[in-house]
Amino acid sequence: IKFLTLPKELITTVLKKQIKMFPVLNAKGEIQPHFIAVRDGISVNQDEVRTGFKNVMTARLTDAVFFFQNDLKNGLPAMREKLNTVNFIDGMGNMVAKTQRVKDLSLWLTQKAALDAKQTEEVKQAADFCYADLTGGVVYEFAELQGYMGGVYAQKTGYPQAVATALQEFYLPLTASSELPQSAQGALVSLAGKLDSLAANFAVGQVPSGSEDPFALRRQAMGAVRIMMDKNLNITLQEIIDKTVSLLPKVENSRAD
């Protein structure tokens, strides 16, 4: 029961990805204090097998509790500060520098989208912490929870719900046809993050070829276009490219143009 204090996606990720077990949900989609595990072989020594499964699950979820509680204790500002030690792209600074560019671009986009003062402040806060959870223990163990955990930490530590939602929407869409950010705040910060990644990679010559795209730039470009169309932003493509590139540090042999 004590493990049900963990976020739902963290529990299901531990069970499904780490120890290959099935979580149990009720009709409302709420996680229950049960799990399903499958064994090979003949059906003997069921009690011993059940105990073994429980011990493995308990150990892994205990680790998850430790990481989660430690992240909450550190808080988003401290996690953001640790981004100073995380490099982005050679010539493009560390992840704090990237975060600042994303914030500057996000705030510029709020003007184009005519967001009010409250929404603009929520965009600012979301942009400040959009990469912070990358330095947390949970995301270090489970990279697929990036963004989601940032939103959980924001919600648990008193930030507005709109900020938490924007953080959880930051990496959307995950594929060319998957769900888009629904909130205006999440859409603008997500768009800014994708545009900065595209411009920075092109600036240092990391351009997709016909057969290779190791930094998933095509997916990010498609996501950026889909967000712009979905939110019907009153902005030209050239205008947004010029603004994004203007925020980049100057590098020799830049290809951002």
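Predicted model: local features only at pLDDT ≥ 70, side-chain atom pairs only at ≥ 80, totals over all residues.
1. Start with helix α2, which covers residues 46-81. Its 36 residues reach 49 Å from the first C-alpha to the last, close to the 52 Å expected at 1.5 Å a residue. Even so, α2 bends by about 90° at glycine 75, with proline 77 following within four residues. Glycine 75 is also one of the buried residues of α2, a list that includes Met57, Phe68, Asp71, Leu76 and Arg80.

2. Aspartate 71 deserves a look. What does a buried aspartate do here without a salt bridge? The nearest side chain of opposite charge, lysine 82, sits 7.0 Å away, and a salt bridge needs the nitrogen and oxygen within 4 Å. Instead, the side chain of aspartate 71 makes a polar contact with the side chain of tyrosine 153, at 2.5 Å. Beyond its sequence neighbours up to four places away, aspartate 71 touches Met79, Gly136, Gly137, Val138 and Tyr153.

3. Next, threonine 135, in the loop between α4 (117-128) and α5 (137-141). Threonine 135 has a relative accessible area of 15%, so it counts as buried. A polar atom of its side chain lies 3.1 Å from the backbone oxygen of alanine 132. Setting aside neighbours within four places in sequence, threonine 135 is in contact with Met79, Lys82, Leu83 and Val86. Met79 turns up again here, having been listed among the residues touched by aspartate 71.

4. Now the charge pairs. The count comes to ten salt bridges. One of them joins arginine 50 to aspartate 47, with the closest N and O atoms 3.0 Å apart. Both residues lie in α2, three residues apart, about one turn of the helix. Arginine 50 is partly exposed because its relative accessible area is 43%, while aspartate 47, at 54%, counts as exposed.

5. Lysine 231 forms a salt bridge with aspartate 230, the closest N and O atoms being 3.8 Å apart. Lysine 231 is partly exposed at 28%, and so is aspartate 230 at 44%. Finally, Arg80, Lys103 and Asp128 are linked in a network of salt bridges; Arg80 is among the buried residues of α2.

Conventions. Residues numbered from 1 in each chain as written. Heavy atoms only, no water. Helix = DSSP H or I, 4+ residues; strand = E, 2+ residues; numbered from the N terminus. Buried < 20%, exposed > 50% of the residue type's maximum accessible area, 1.4 Å probe, protein only. Lys, Arg positive; Asp, Glu negative; His and termini not counted. Polar contact = N/O pair within 3.5 Å; in protein donor to acceptor, adjacent residues only side chain to side chain. Contact = heavy atoms within 4.5 Å. Expected span 1.5 Å × (residues − 1). Bend = angle between axes of the 7 residues up to and from the residue.
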